[in-house]
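Trainee: I'd like to learn how to read a structure like this one. Can you walk me through some features?

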Amino acid sequence: MVITSAIYVTVKICQFLQAGLGVSANIILLVFHIFMFLLDHRPKPTDLIICHLSFVHLMKLFTELSLLSAEVLESLSSMHDVECKVLFCMNRVMRGLSICTTCFLSVLQVITISPSTSWLARFKSKCTKYIFHSFVVLWFLSLSLSSNCMLFSVASFNMTQTNLLNVSKHCSLSPMDSVIRGLILALTISRDVYFVGVMLLSSAYMVILLSRHQRRCQHLHITSFSSRASPEKRATQTVLLLVSFFVVVYWVDVIISFSSTMLWTYDPVVLDFQRLLSNVYATVSALVLISSDKRMKMCFRSVEKLQTISNSLFIR
C-alpha cells in the first residue's frame with residue numbers, strides 16, 4: 001500500500017513538472033513568434049504555424065493541469081458532467097489540432113526548401129495567403145471529429161450509469177453502441193493515418209533534398225557551406241526531428257487508446273503512463289523549437305548581456 005502510494009505521488013509530481021515546463025516553454029515560444037510576426041517586415045511563413053502549434057499545446061497542457069488538479073485536490077472531487085465534457089472534449093480537439101498543425105508545418109517546410117524546378121515551387125508564393133484558411137479547416141475538422149465527447153463523457157461519480165470507461169480519476173466515457181464506437185474510431189484513425197502519412201512522405205522528401213544538397217556540396221568541394229548549415233537546413237532538420245518524435249509517441253498512444261477502447265477497460269497505471277506520454281510532445285516540441293531558433297538564441301544573449309551590464313553598474 002505504501003509503495004503504491006509512493007508510485008502514485010511520484011507519477012503525479014512528474015506529470016505536474018512536465019506540464020509546468022511545457023506551459024512555460026510554449027508561452028515563451030508563442031510570445032516570441034507573435035512579436036516576430038507583428039514586428040518583422042518579412043516574417044517567416046512558419047512563424048504563424050509555430051504560433052498556432054504553441055497555442056494548441058498550451059491549451060492541451062492547461063487542460064491536463066485542470067484534470068490533475070481535480071485529482072490531487074479532493075475538494076474538487078465533485079466535478080460535474082459539464083466540466084468533464086468541456087475538459088475532455090478540449091483535450092481531444094487539441095490532440096487532433098496538434099497532429100494537423102505538425103503535418104502542416106512539415107508540408108510548408110517541404111515547399112520552402114523545394115528547388116525552383118520542382119512542381120512544389122509554384123506554391124511558395126501562395127502558401128502564406130491561405131494559412132488562416134487552413135487553420136479554419138483544421139479547427140472545423142478537429143471539432144467535428146471530437147464532438148462525440150460532449151455526448152459520451154460524464155463525471156466518474158455519476159451513479160446513474162454503469163460500465164464507465166475511466167479516462168481520468170473524475171471523468172469517464174459512458175457506454176456506447178458498438179457500431180457508433182467503431183465508426184468514431186474509424187473516422188478518427190482515418191484522419192490520423194492520413195496526416196501522419198503526409199508527415200512521413202514530406203519527411204522522406206526533405207531527407208532526399210538534404211542528401212542531394214550534401215552530395216552537391218561535396219562534389220563541388222564547398223567546405224564553407226558544408227561546415228556551416230544554412231538556416232533552411234537547420235529548420236528542415238528541426239522539423240524532421242519533431243516529426244520523427246511525434247510519430248513514435250503517436251503510435252504508442254494509439255495502440256494504448258485503441259486496445260483500451262475496444263476492450264473497454266483502462267488500467268490506472270497504463271492510464272497515467274498514456275497521459276504522461278501524450279503530453280511529452282507538447283513539451284519537447286517547444287523546447288526543440290526554442291533551442292533551434294537562431295533568432296531566439298540572439299534574443300536570449302542580448303538579454304543576458306543587458307543583465308550583466310546592469311549588474312556591473314549596480315555593483316559600482
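This is a predicted model: local features need pLDDT of at least 70, side-chain atom pairs count only at pLDDT 80 or more; totals for chains, interfaces and linings use all residues.

Trainee: Which side chain does Arg95 meet in a salt bridge?

Mentor: For a salt bridge, check the distance between a side-chain nitrogen and a carboxyl oxygen. Arg95 pairs with Asp253 at 3.3 Å, N to O. The two sit in distant parts of the chain, Arg95 in helix 3 and Asp253 in helix 9, 158 residues apart.

Trainee: Which residues are linked with Arg95 in a network of salt bridges?

Mentor: Arg191, Asp192 and Asp253 join Arg95 in that network. Within it, Arg191 bridges to Asp192, with the closest N and O atoms 2.9 Å apart. Both Arg191 and Asp192 are buried.

Trainee: How many salt bridges does the structure hold?

Mentor: Six. Another one to look up is Asp47 with Arg295, at 2.8 Å, N to O. That pair ties helix 2 to helix 12 (residues 294-315), across 248 residues. Asp47 has a relative accessible area of 0%, so it is buried too.

Trainee: Okay, now the greasy parts. Which residues have the most contacts inside the largest nonpolar core?

Mentor: Here's the general idea: in soluble globular proteins, nonpolar side chains tend to be buried together. In this model the largest nonpolar core has 49 residues, and Leu29, Ile49 and Phe246 have the most contacts inside it. Several helices supply at least two residues each, among them helix 1 (2-39), helix 2 (45-72) and helix 9 (231-263). Helix 3 gives the most, with twelve residues.

Trainee: What is Phe246 in contact with, leaving aside its neighbours within four places in sequence?

Mentor: Phe246 touches Ser98, Ile99, Val196, Met199 and Tyr281. There's also a second, separate core of eight residues, including Val23, Leu58, Leu61 and Leu65.

Trainee: And Phe140, is that residue buried or exposed?

Mentor: Don't judge by residue type alone; check the accessibility. Phe140, in helix 5, has 63% relative accessibility, so it counts as exposed.

Trainee: What about the protein overall: what share of the residues is buried?

Mentor: Buried residues make up 43% of the 316. The protein exposes about 17700 Å², with carbon and sulfur atoms supplying 71% of that.

Terms used. Residues are numbered from 1 along each chain as its sequence is written. Side-chain values use heavy atoms; hydrogens and water are left out. A nonpolar core is a set of buried Ala, Val, Leu, Ile, Met, Phe, Trp, Tyr and Cys residues joined through side-chain atoms within 4.5 Å. Buried means under 20% relative accessible area, exposed over 50%, partly exposed in between (1.4 Å probe, protein chains only). Helices (H or I, at least four residues) and strands (E, at least two) are DSSP runs, numbered from the N terminus. Contact means heavy atoms within 4.5 Å. Accessible areas come from the Shrake-Rupley method with a 1.4 Å probe; for residues, only the protein chains shown count as cover. A salt bridge is a side-chain nitrogen of Lys or Arg within 4 Å of a carboxyl oxygen of Asp or Glu.
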